[in-house]
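Trainee: Hello! I would like to learn how to read a protein structure, one feature at a time. Could you walk me through an example?

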Amino acid sequence: MAYSATTRAAHPLTGIELRTAGSPDLTAAAVRHLTLLGAADLGSTASDGPGTVSLTGADGHPLTAEIAWAAITPSDEVTDEATAQAATGVACVHGRRSGKPRGLAVDYLTTACAVLAVQGLLAGLIGRARGSAVETVRTGVDLAGLLSVGQYLAAANAEDGEAVPFAPGGPPFTTADGVYFEVETLDPVVWATFWQALGVAGRLAGSAWRSFQFRYATACSPLPGELHVRAHAADWESVRRAAKESGMSLCAIRSLQDRLAEPRAQAPWQLSPRLPASPLSSPTELARPLAGLTVLEAGRRIQAPLAAYVLHLLGADVVRIEPPGGDPLRGMPPTCGDLSARWLALNRGKRAVEIDIKSAAGRAELRDLVTAADVFVHNWAPGTAERLGLDDDDLSVVNPGLVYAYTSGWAGRLADVPMATDFMVQARTGMGEAVRPAGEPPAPSLMTLLDVLGALLGAEAVLAGLLLRERTGHGVRVDSSLLGAAEMLTEPALCRVASGAGPRRPAGFREPLPTADGWVSVADDCAGQVNAVSLTKRDTAEAVASLRRRGVRATAVTTALDKLPSDPRFASALTRDVHGAVAVPTPWRFA
């Protein structure tokens with residue numbers, strides 16, 4: 001694709017025309033991101049069909065993203081957000097805290113799919129700049145669903161069992177004066193000290209640590225009832241005092257109304273061009289537009305590792321920077337062979353080098369690697385990169401063309417914030433209300449919604465940075481965050497608040513319906529057409545067939561992720577890697 005001669009700073013799509021068609025539910029978020037990146041929106045043709053988003057430069061050759069509800073599943077199985085969550089296992093994972101499948105009240109998978117579509121378009125443009133002839137990229141909401149549950153799916157199908165059992169329960173807690181709150185710590189001593197300050201016996205508090213620690217892996221946290229009782233016996237000031245004295249990070253669950261009063265960013269990422277650089281190397285491959293590019297990743301937990309994994313799926317050579325002795329999460333149960341199934345879901349196909357970045361020699365070794373890299377991505381705690389001399393100002397000296405990517409928690413935009421972890425960001429940003437319908441207490445989902453979406457936004461920002469580097473000849477710093485992911489998901493609810501409407505979806509929204517042997521989910525626009533009582537007398541397959549005969553779009557709810565590889569809807573798409581871990585399909589098809 002040819003570009004116009006002038007490109008504004010930080011807008012890699014300036015001079016490119018954008019046209020859309022099909023369902024706005026599938027295209028709207030992608031259009032917003034593409035226009036934020038500089039594309040000129042020439043309008044859309046709305047219909048109920050699949051979405052198409054086309055970018056056309058000065059050469060007149062469009063690059064088109066085709067977005068379907070069902071890219072790999074039969075078309076009658078996934079027809080909207082509700083059925084996508086139900087079929088792909090998202091409702092299963094989100095529902096673990098309550099003991100039954102529950103749909104998210106936010107449009108999580110259509111949002112994630114929109115980001116995947118933008119990633120595909122940006123990668124396609126990068127590929128074209130490097131000699132590829134890509135014309136079309138295809139993705140689907142069902143593919144976004146599988147990617148979102150990839151870690152949980154790999155763990156459910158591993159050789160051994162979970163480190164802690166599944167059972168309903170978990171935070172948040174409620175004080176005597178009615179404050180819902182979340183807590184966070186990575187230290188078992190801090191955990192025990194906090195609860196002892198509220199009157200919980202030390203041994204009981206200690207016994208609850210493992211369940212709390214592994215809630216990121218299991219999406220549930222069955223805690224002793226005594227913890228909830230003691231929290232409810234204390235007022236908010238007493239809880240705050242206990243947190244301060246113990247070192248516990250604490251966050252009262254904010255409402256969407258509270259969040260509306262705070263400033264929000266227009267875009268979920270920021271691009272900052274730097275020094276002149278060389279253009280990208282070439283040639284490349286049609287299906288792997290980042291082939292030949294090197295990404296250095298110094299990530300931990302989910303956000304940065306998954307962002308780098310997405311870049312690997314697009315063809316980049318990803319090199320992980322691990323501490324001496326390797327990443328301790330490699331052995332986190334459950335395992336396939338001697339590797340953690342969850343770790344493989346985030347790091348499959350990457351190379352690794354062990355570097356002690358706390359030492360001068362280790363930092364020098366990392367800088368040497370940076371000289372030949374295209375991207376450096378990390379999610380270190382705020383201030384760490386500056387303290388180590390590894391911030392973008394430092395690394396651009398050794399590689400002016402580097403795309404430096406920081407995937408943070410809060411992006412430095414809010415004051416007085418708690419620890420920057422998924423559930424705390426959910427609590428602080430109104431997600432506790434947004435993900436649950438009216439009639440339920442506000443509570444963050446124990447599925448790692450923001451870590452996953454934050455990772456996708458991080459990869460999207462890197463791709464925009466690489467394209468900007470190609471067009472301007474400048475290195476780029478790109479910043480993304482969990483906060484940006486939360487803002488993207490809560491924006492529709494905040495718009496409802498701003499208009500004076502209720503912020504939350506109605507009671508029972510996206511709640512699966514029980515059958516004689518399982519659950520079914522119906523499309524959002526069909527929810528009022530179903531007699532729920534009649535379904536309890538039918539098995540799931542019969543219930544789905546009966547609903548479809550009446551014109552009600554419905555699907556069976558996945559209730560056990562270990563059954564998904566044999567589910568006819570997904571069996572042909574799911575594979576196992578060389579370690580035996582279940583792998584979800586690459587979420588794009590380039591042609």
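Trainee: Which residues have the most contacts inside the largest nonpolar core?

Mentor: Let us begin with the general idea. In soluble globular proteins, nonpolar side chains tend to be buried together. Keep in mind that the model here is predicted. Its largest nonpolar core has 117 residues, and those with the most contacts inside it are Leu13, Leu34, Leu55, Tyr108, Leu271 and Leu290.

Trainee: Which helix gives the most to this core?

Mentor: That is helix α20, residues 449-472, with 15 residues in the core. There is also a second, separate core of 23 residues. Among its members are Trp195, Leu227, Ala231 and Leu250.

Trainee: Now for charged side chains. How many salt bridges does a search of the whole structure find?

Mentor: To read a salt bridge, look for a side-chain nitrogen of Lys or Arg within 4 Å of a carboxyl oxygen of Asp or Glu. The search finds 35 of them. Take Arg259 and Glu262, whose side chains meet at 2.9 Å, N to O.

Trainee: Are Arg259 and Glu262 buried or exposed?

Mentor: Use the cut-off here: under 20% relative accessible area means buried. Arg259 has 1%, so this residue is buried. Glu262 has 18% relative accessibility and therefore counts as buried too.

Trainee: What about the salt bridge of Glu322?

Mentor: Glu322 pairs with Arg330, and their closest N and O atoms are 3.1 Å apart. Glu322 counts as buried at 2% relative accessibility, whereas Arg330 is partly exposed at 25%.

Trainee: Which residue forms a salt bridge with Asp524?

Mentor: The partner is Arg510, with the closest N and O atoms 2.7 Å apart. Asp524 lies in the loop between β19 (519-522) and α22 (532-535), and Arg510 in the loop between α21 (482-498) and β18 (513-514), so the pair ties together parts that are 14 residues apart in sequence. Asp524 counts as partly exposed at 28% relative accessibility, while Arg510 counts as buried at 9%. Elsewhere, salt bridges that share partners join Arg254, Arg259, Glu262, Arg413, Arg428 and Glu487 into one network.

Trainee: And cysteines? How many disulfides does the search of the whole structure find?

Mentor: First the idea: a disulfide is a covalent bond between the sulfur atoms of two cysteines. The search finds zero disulfides in this structure.

Trainee: What is the volume of the second largest pocket?

Mentor: Its volume is about 830 Å³. Of the 38 residues that line this pocket, Asp25, Asp107, Thr110, Thr111 and Pro492 are the closest to its centre. Helix α21 gives the most to the lining, with eight residues. The lining divides into 15 nonpolar, eight polar and 15 charged residues.

Trainee: How many cavities of 30 Å³ or more does the search find?

Mentor: It finds two. A cavity differs from a pocket in that a probe fits inside but cannot get out. The largest cavity has a volume of about 100 Å³, and Leu147, Tyr309 and Val582 are among the residues that line it. The second largest cavity has a volume of about 40 Å³.

Trainee: Which residues line the second largest cavity?

Mentor: They are Ala82, Gln85, Ala86, Ala91, Gly103, Arg510, Pro512 and Ser521.

Conventions:
Residues numbered from 1 in each chain as written. Predicted model: local features only at pLDDT ≥ 70, side-chain atom pairs only at ≥ 80, totals over all residues. Heavy atoms only, no water. Core = buried A, V, L, I, M, F, W, Y, C linked by side-chain atoms within 4.5 Å. Buried < 20%, exposed > 50% of the residue type's maximum accessible area, 1.4 Å probe, protein only. Helix = DSSP H or I, 4+ residues; strand = E, 2+ residues; numbered from the N terminus. Disulfide = S-S within 2.5 Å. 1 Å grid on protein atoms, 1.4 Å probe; cavity = no way out; pocket = protein on both sides within 12 Å on 5 of 7 lines; lining within 4 Å. Points joined across faces, edges and corners; volume = space filled by probe spheres on them. Nonpolar A, V, L, I, M, F, W, Y, C, P; charged D, E, K, R; others polar.
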